[in-house]
Amino acid sequence: QVQLVESGGGLVQAGGSLRLSCAASGNIFSVNAMGWYRQAPGKQREHVATITGSGTTNYADSVKGRFTISRDNAKNTVYLEMNRLKPEDTAVYYCDASLTKSATGPRFHYWGQGTQVTVSS
């Protein structure tokens, strides 16, 4: 009864920007870390950025300085601001979240359905 819904993908020219959003909903007590991964055809899924519940961020070297991850805890939503996009950024972007469903229960991990980002030359 938990789902992550991504939005904001699309087609942009190199050098442009996009803002991805991912909202978690359902049986959630608390969302802990949230992050973004991406996968291009024929390649493994790779980490893009993460943000912990306390706000600590981590970025892949390939996007550091260009992408910014943030979150709105009241909305259980994570964002990825992507600037100065490159064709190499073309991929399906997946949201991921670590969350609890009760005060004392274990952490669960969920993935969104993915949103396509295409960057043209």
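Predicted model: local features only at pLDDT ≥ 70, side-chain atom pairs only at ≥ 80, totals over all residues.
View 1. Arginine 38 forms a salt bridge with glutamate 46, and the closest N and O atoms of the two residues lie 2.7 Å apart. Glutamate 46, for its part, is partly exposed, with a relative accessible area of 36%.

**View 2. The salt bridge of aspartate 89 with arginine 66.** Here the closest N and O atoms of aspartate 89 and arginine 66 are 2.8 Å apart. Aspartate 89 belongs to the loop between strand 8 and strand 9 (91-100), whereas arginine 66 belongs to the loop between strand 6 (57-59) and strand 7 (67-72), so the pair ties together parts that are 23 residues apart in sequence. Both aspartate 89 and arginine 66 are buried. Through salt bridges that share partners, Arg38, Glu46, Arg66 and Asp89 are joined into one network.

**View 3. Arginine 19 and glutamate 81, a salt bridge between two strands.** The side chains of arginine 19 and glutamate 81 meet in a salt bridge with an N to O distance of 2.8 Å. Because arginine 19 lies in strand 3 (residues 18-26) and glutamate 81 in strand 8 (residues 77-82), this pair ties together parts that are 62 residues apart in sequence. Arginine 19 is partly exposed, with a relative accessible area of 44%, and glutamate 81 is likewise partly exposed, with a value of 28%. The pairs shown in these views are among the five salt bridges that the structure holds.

Technical notes. Residues numbered from 1 in each chain as written. Heavy atoms only, no water. Salt bridge = Lys/Arg side-chain N within 4 Å of Asp/Glu carboxyl O. Helix = DSSP H or I, 4+ residues; strand = E, 2+ residues; numbered from the N terminus. Buried < 20%, exposed > 50% of the residue type's maximum accessible area, 1.4 Å probe, protein only.
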